[in-house]
Amino acid sequence: MPEASLTHEFQYSSARHQAETAISGMWLFLATEVLFFGALFLTWIYSRHWNQAGFDAGARRTDLAIGTINTVILLASSFIFSAGLAFIEAGNTRRLIQCCAIAWLLGIGFLILKFGIEWREDFSKHLFPGPDFAINGPLGGGARIFFVFYFLGTAVHGLHMIGGLVLVGWIILRARRDEFSFRYYTPVCVVGLYWSFVDMVWIVLYPLIYLVGRGP
Amino acid sequence: MSEVVIETPGAAASYLANGVTLRSWLLTTDHKRIAVLYFGTITFFFFIGGGAAALLRYNLILPQGMIGSAETYNRLFTLHGVVMVWFFLVPAVPVTLGNFLVPLMLGARDLAFPKLNLLSWYLFVAAGFVVLYALFAGGVDTGWTFYTPLTSAYTNGHVVATAVAIIVAGFSSIATGLNFIVTIHRLRAPGMTWYRMPVFLWSLYATSVILVLATPVLAMTLLLLAFERIFHIGVFDPSLGGDPLLFQHLFWFYSHPAVYIMILPGFGVISEIVPAFSSKRLFGYKFVVWASMAIAVISFLVWGHHMFVAGTSLYSALVFSILSFMVAVPSAIKVFNWIGTMHKGFIRFDAPMLYAIGFIGLFTTGGLTGLFVAALAADVHLTQTYFVVAHFHYVMVGGMVSAYFAGLHFWWPKITGRMYPEMWGRAGAVIIFIGFNLTFFPQFILGYLGMPRRYHSYPPEFEVLNVLSSAGATILAMGYLLPLGYLTWSLFYGERASANPWNATGLEWQTASPPLTDNFVSTPTVTEPPYNYPPPEVVHRHA
């Protein structure tokens with residue numbers, strides 16, 4: 001990587017030094033995110049252990065079709081983003097922009113399906129664990145806790161999605177200003193790490209919400 | 001490195017002279033200026049939390065309580081705990097001395113992510129406003145531990161606002177910890193190998209690991225708590241199918257490592273000061289370094305000792321008890337190493353050293369009494385009593401706050417370019433030491449005799465010890481107001497400091513006081529191990 005022609009912030013010795021530092025910073029940030037979601041998953045699994053029937057009753061009310069489509073959408077989105085990264089490594093800015101745009105649109109699609117359609121259905125079916133919660137009887141308590149996790153988990157994941165979409169949008173804008181080249185594409189790497197992490201969270205959420213305890 | 005730098009008055013190049021407008025401070029990304037912003041902020045919170053503590057001690061002068069209601073008392077001790085833990089103790093050394101010194105000690109020009117550093121200050125201030133709102137809107141009466149279902153179902157305090165404030169302050173801590181770890185990995189000057197780093201950097205590294213890995217767990221826990229409280233659903237509420245012990249596990253998974261977040265940077269400060277004022281190499285450098293790392297690791301494995309009487313199984317309690325005893329080993333290694341450093345040293349009793357020596361004694365007392373409460377049988381008697389309060393304050397106030405003051409005096413000339421008045425500094429250290437012991441030693445006895453904590457009234461037979469404790473608190477308060485006075489005075493009238501007034505090693509002493517905006521004229525190269533002080537005999541002959 002020819003470095004002399006690239007600028008870098010004053011605290012670094014070279015552009016490469018800066019780039020590697022930025023990437024290690026993102027990895028460390030992801031470590032904190034793992035612990036953040038880790039606490040959620042731990043609580044989720046622990047609560048399920050004590051309220052298994054209620055959780056299963058809750059899981060059966062979720063919309064498996066939307067959940068599965070969203071999983072495909074999200075994985076496709078980060079796959080395509082990674083393809084964009086491969087393109088910019090070869091210096092192809094036009095392809096990078098196209099890939100990011102598709103990844104961005106897929107992300108928006110996920111949000112529409114998740115919050116515009118699935119959540120609205122859930123609310124209309126009184127699955128929000130409020131006063132008029134739909135599931136009553138002996139399983140009601142456990143099912144309520146399931147839906148606490150469902151709404152909190154998807155909301156926090158959704159916020160991360162929105163953050164990721166802002167970042168992907170930022171990459172598109174910078175790429176349109178022709179700021180990236182085969183020499184300099186660190187922000188694409190950093191955002192790519194984050195965008196893939198958002199997937200990883202979903203890959204754990206998906207079975208926890210839709211699959212475990214659903215039964216045949 | 002180059003002595004030439006030191007001789008130039010350098011007022012124009014100093015970081016303090018680089019712009020005097022409000023904007024030049026509020027939009028700065030200079031780690032030194034951000035440290036100064038943090039100094040102001042946490043001093044403010046220190047006196048808010050301290051004011052609440054003063055009212056608590058005022059109330060306890062009489063057995064029936066001097067303040068009208070138990071409710072007010074509950075709100076005051078919660079305020080004291082929340083403000084002191086999250087808005088003073090956790091951030092104190094890292095965000096002030098750490099922000100200022102990490103790049104200087106590494107020979108770097110700034111932290112790896114200066115903008116993130118500024119963001120962390122804004123997050124902290126935002127969190128501060130929210131917590132002040134919660135305070136003025138009526139406060140919280142649950143104690144800083146927020147145990148469910150009291151917090152989620154019963155109390156009428158401002159739990160959600162306080163939880164939000166703590167979550168936001170937590171993100172601020174994460175940003176700082178992340179910045180330190182990456183900076184220490186990536187921005188060491190040429191020749192600054194890991195084992196040439198001052199112990200202060202090692203202990204901040206260990207602290208940052210805990211900050212980065214434990215804080216997000218607290219954020220999620222408080223999020224669940226807030227969710228539960230707003231929507232009346234029970235993840236932690238047993239009447240709704242939840243588990244209150246789960247909350248305690250998660251809370252202490254953060255909050256026990258958090259006490260090491262508070263004390264580890266203090267260890268780092270003391271490890272700098274003791275060699276400097278003994279004119280001796282730090283005894284057993286690698287042991288001190290790895291003791292810090294060991295504490296960081298073991299700290300994640302001991303949280304269960306907060307729940308010995310909460311209904312956990314005997315076997316898990318046994319394991320947690322043994323693990324808790326294990327933390328004493330690296331802590332004791334440090335104490336022995338500091339004393340080994342002083343042994344046959346040429347000791348100067350300047351204010352930083354007085355604070356440091358006070359720290360060693362008070363921390364040792366606090367640490368050893370920690371073993372009492374880590375023992376299962378003793379804990380059944382001592383838990384929830386003033387014994388625990390005294391133990392905790394010996395480590396946190398006697399230990400950590402002393403270390404903070406030690407470091408503040410030690411690096412004050414470097415930060416401000418002015419010397420503090422030495423006699424006042426020594427007087428402050430002695431007054432704080434006396435006031436502290438008078439405040440908290442009686443609490444060990446009170447706890448042993450069975451006085452429970454968190455009550456606004458008590459049986460009359462405890463009156464004498466409580467009055468002693470409150471009298472001590474008055475002295476302690478004076479001891480804390482004193483530095484506020486003379487340090488502020490020294491900002492304007494203090495003697496100008498030379499680059500290295502203590503003849504200390506370390507890169508931060510090889511640039512001007514106050515440092516240049518760019519820290520160093522040219523990137524330093526490190527060729528020596530840390531604490532390369534001359535043998536004491538040599539100093540003695542020249543002194």
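Mentor: A residue is called buried if 20 or more other C-beta atoms, placed from the backbone, lie within 10 Å of its own, exposed if 12 or fewer do, and partly exposed in between. What we have here is a predicted model, in which local features need pLDDT of at least 70 and side-chain atom pairs count only at pLDDT 80 or more, while totals for chains, interfaces and linings use all residues. Residues are numbered from 1 along each chain as its sequence is written, and chains are lettered from A and ligands numbered from 1 in the order in which they are written.

Trainee: Is Asn519(B) buried or exposed?

Mentor: Asn519(B) sits in the loop between α17 and α18 of chain B, and its phi is positive, about 75°, although it is not a glycine. Because 24 other C-beta atoms lie within 10 Å of it, Asn519(B) is buried.

Trainee: How many C-beta neighbours does Gln384(B) have inside 10 Å?

Mentor: Gln384(B) also has a positive phi, near 65°, in a residue other than glycine, and its place is the loop between α14 (376-382) and α15 (386-416) of chain B. Gln384(B) counts as partly exposed because its number of C-beta neighbours inside 10 Å is 14.

Trainee: Where in chain B is Pro514(B) placed?

Mentor: Pro514(B) is joined to Ser513(B) by a cis peptide bond, with omega about -10°. Helices here are DSSP runs (H or I, at least four residues; strands are E, at least two), numbered from the N terminus. Pro514(B) falls in the loop between α17 (463-493) and α18 (536-542).

Trainee: Which residues does Arg95(A) touch, not counting those up to four places away in sequence?

Mentor: Arg95(A) belongs to helix α4 (residues 93-124) of chain A and counts as partly exposed because it has 16 C-beta neighbours inside 10 Å. Two residues are in contact if their C-beta atoms lie within 7 Å. With residues up to four places away in sequence set aside, Arg95(A) touches Gly84(A) and Phe87(A).

Trainee: Which element gives the largest share of the side of chain B that touches chain A?

Mentor: Between the two chains, 31 residues of chain B are in contact with 27 residues of chain A. The elements giving two or more residues to this side of chain B are α8 (159-186), α9 and α10 (244-278). The largest share, ten residues, comes from α9(B).
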